[in-house]
Amino acid sequence: MSIEETRIYVTKPSLPPIEEYLEEIRPIWESKILTNMGPLHEIFASRLEDYLDVPNIALFTNGHAALEMAIEALGLRNTGGEVITTPFTFISTTHAIVRSGLTPVFCDIKKDDCTIDPTKIETLITDKTVAIMPVHVYGNVCDVEAIDEIAKKYNLKIIYDAAHAFGVKYKGKGIGNYGDAAVFSFHATKVFNTIEGGAVAFKDDRYKDVLFNLKNHGIKSETEIEAVGSNAKMDEFRAAMGICNLRHVQDYITKRKVIYEFYLDNLKEVNGIEILNASSCCGKDISSLNYGYMPIRILPEKRGVSRDDIYEALIRKNIYARKYFYPLTNLVDCYLKEYGNADVPLAKKISKEVLSLPIYPDIQESIVCEICRTIKDL
Ligand SMILES: *Cc1c(COP(=O)(O)O)cnc(C)c1O
């Protein structure tokens, strides 16, 4: 086996049995319907509404397009407004705000679960603020009630970036029920994938046509174009992958949970190592997690080694953990000049101490053992 084949990455995409996928796409050779909201798209959307326990789902070609179009559907695009958000996320969250002609205002995070700190939101509100865009980072549920209260008080929209939170529930309800819209990603690296793909979950039926227009060129009929649309439709092949993976996703999550608990047992007592969602903080129950990530925090003053030391030590064993989320999005090249001085001290500190360890349904226990040993021995 070559070195390449023995490398362990932070995740490995989940695929259904190939025969199952072939069976699902076979009718396409008869129908010749490849895209444009065909039968598989419709079946997938409806099953997804059931699984995610949300009233409406609009499917998209990817999560990023879904984020931008959710912003536009809520009437925020190019209003020149400010959006309060977190820098502790994948760059897509911030890009979606900026590409929509809005200004990101970065708010600090909480140390227990790394979601936006609602107690720091109000001081950032100005007469230009139009929305809050929090992230259920690592699948950890944001303080949805506190955020909702602030949004009501100041008449702000809430768009949750729920890219990490597929299947997560809070107080018995699907996570997509919180906020004006919640955006999921079905990218290959996520807990649930459609190769590439994404969705907007929303309650208000008015957004149905708006989102449909945005992803389909604004076409109403052959001769009627009623909106300035774009193109971000999910095609039939990806919908078929979604239908198949949806049958297995509970199994994927159950297997991830076993790995998660194995890590937890091995690392929770280790001096200077914290697990970022192990506590049932703020009354939230970790049994509702989807175990998409295995984020640990390394406290160098207690552990005697840094995050980067552990990252390098793992690479020497061909194990590629990831520094999710470092750097903060306000500190990347294209935003540093404008937003580099945002007041986010905790996010700044934590981003230098986090490491996401490999976790996926069929990772071997021996590899997880090796990872834990490497961390403990250093
Ligand atoms: C993956 C991800 C996205 C973007 O989703 P894509 O489907 O890759 O476009 C957005 N936000 C967060 C937090 C993500 O992790």
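Guide: Phenylalanine 44 is in contact (heavy atoms within 4.5 Å) with Leu59, Phe186, Phe192, Thr194, Met234, Ala239, Gly242, Ile243 and Leu246, leaving aside its neighbours within four places in sequence. The model is predicted: local features need pLDDT of at least 70 and side-chain atom pairs count only at pLDDT 80 or more, while totals for chains, interfaces and linings use all residues. Residues are numbered from 1 along each chain as its sequence is written, and side-chain values use heavy atoms, with hydrogens and water left out.

Phe44 is also among the residues with the most contacts inside the largest nonpolar core, which has 81 residues; Leu48 and Phe186 are others in that group. Such a core is a set of buried Ala, Val, Leu, Ile, Met, Phe, Trp, Tyr and Cys residues joined through side-chain atoms within 4.5 Å. Here buried means under 20% relative accessible area, exposed over 50%, and partly exposed in between (1.4 Å probe, protein chains only). Helix 9 (residues 236-267) gives the most to this core, with 14 residues; helices are DSSP runs (H or I, at least four residues), numbered from the N terminus.

Helix 4 (39-52) and helix 9 also meet helix 2, whose buried residues pack against both of them and against helix 3 (28-31). In helix 2 (residues 18-25), the buried residues are Glu20, Tyr21, Glu24 and Ile25. They lie on the same side of helix 2 because they cover an arc of only 125° around the axis, taken from the directions from the helix axis to the C-beta atoms. Ile18 and Glu19, on the other side of helix 2, are exposed.

Terms used:
Helix = DSSP H or I, 4+ residues; strand = E, 2+ residues; numbered from the N terminus.
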